[in-house]
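Let's take a walk around the annotated site of this protein and see who sits beside whom. Have the model open as you read.

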Amino acid sequence: TQAHLDAIEKARVLNAYLLETPDRALAMAEVADQKLAAGEARPLEGLPLGIKDLFCTHGVTTTAASKILEGFQPHYESTVTHNLWRDGAVMLGKLNLDEFAMGSSNETSAYGPVISPWRRKGPDGTGDETKLVPGGSSGGSAAAVAARLCLGATATDTGGSIRQPAAFTGTVGIKPTYGRCSRWGTVAFASSLDQAGPIARTVRDTAILLTSMAGHDDKDTTSVNLPVPDFEAAVNRGVKGLTIGIPKEYRVEGMPAEIERLWQQGADWLRDAGAKVVEVSLPHTRYALPAYYIVAPAEASSNLARYDGVRYGLRVPGKDIAGMYEATRAAGFGREVKRRIMIGTYVLSAGYYDAYYVRAQQIRTLIKRDFEQVYASGVDAILTPTTPSAAFGFGEKAKADPVEMYLLDVFTVTVNMAGLPGLAVPAGLDAQGLPLGLQLIGRPFDEETLFAAGQVIE
Ligand code: GLN
């Protein structure tokens, strides 16, 4: 714990932590020492973790990287973090993210972007000093793990926010099946898509953390009452006899050749390890991104209605109560959040609801059915690239068109729309020395197969 606290202090330029909690960390580490000495070690005894600042932590400021939650100290603990402390983990601090988890580059945080610890190689092999994004929205979690500022981190994934930053930083991340982890006490973005999961250095670490984070919770009616397997035990199971599907619709136009090659390489590794690799079809893939960017903002606009200046954090006075609401929301929310609220309110409005929201929900059913058919045909898991590109420099995408940023989610949002588990594993480096990731998509509640196949690729 002390070594990590020291490392965090030296790496403040990365802006990965919004809040460091050294006193709490050392107190928790002390308890861990006692437990270890008494031979009563719990499963995660003494492991120092970073917590995405979207998880409410009792008595510790929780901001969702938004000005509107400035100074908010929850008087409750999220179930996921509660489970980690129950098992002996130590909290190092709260990690930066895109504001309300909306973004793909961690540039929308009200507290400044996170800088990736990675740098490109220049053409002559020397370093290129361009600062790169860590991906988002769990950019702080991914950068902190990659820079060794924690052993593992919590993260959340609504449309790729665990898997895409894991791919950009050479770390491992899993979005579990919807319902595997409780959403209670996690700031809501799009409730039908949001899932918590871990980012860590290895498939094994990720499996260990998920075993603690997961589990039924009476406080979240969408959390599923199924036993939590020992995910670590699945890691070395191998892939002999499994069938891995390669979806032809994921060969999108403009995908860099090196990502295409890596995808092929991943398939070869799985085949060499005893899996059968087959081509599969997910015909409604091309509708997933537009449908996601209707469903997610619609739910966000509803979830974010609660930030009214009365109940949480920031309050900006106005001449009457409506004026106070307006002034608070105008000052408290950033541009991307306002954009989502406007899109969401529009697609839910009378007259447009059927044309946009209902159609998007229908598409969602079709996407889910595509996956069901592939799994019914005997496929155990699906292999795809995690992202259509490696990490990019600051401002390279954000300044252009917001839609360009949304396109980065093309391979990840389908998984949230269908509620399936998805694991991102680092699989190689591009010509500039930046990490590239592959994604494994599983059957509902079959994270174990993903860990087994991920271990073969890692
Ligand atoms: N990039 C996506 C978005 O901005 C995903 C966000 C997420 O998974 N939290 O909506």
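Start at Ser137: skipping neighbours within four places in sequence, Ser137 is in contact with Leu97, Asp98, Ala101, Met102, Gly103, Asn106 and Ser161. Contact here means that two C-beta atoms, placed from the backbone, lie within 7 Å. Before going on, keep in mind that this is a predicted model, where local features need pLDDT of at least 70, side-chain atom pairs count only at pLDDT 80 or more, and totals for chains, interfaces and linings use all residues. Residues are numbered from 1 along each chain as its sequence is written.

Ser137 sits in the loop between strand S3 (90-95) and helix H4 (139-146); helices (H or I, at least four residues) and strands (E, at least two) are DSSP runs, numbered from the N terminus. Ser137 counts as buried because 35 other C-beta atoms lie within 10 Å. The cut-offs are 20 or more for buried, 12 or fewer for exposed, and partly exposed in between, counting other C-beta atoms within 10 Å of the residue's own, with C-beta atoms placed from the backbone.

Why look at this serine? An unreviewed UniProt entry places the feature "active site" at Lys52, Ser137 and Ser161. These three are spread over 110 residues of sequence, yet they cluster in space, with a largest C-alpha distance of 11.3 Å. UniProt positions follow the numbering used here, feature names are shortened, and annotations may be inferred rather than shown by experiment.

Now hop to Lys52, in strand S2 (residues 48-52). Lys52 is buried too, with 33 other C-beta atoms within 10 Å. Beyond its close sequence neighbours (within four places), its contacts include Ser138, Gly140 and Ser141, as well as Thr154 and Thr156.
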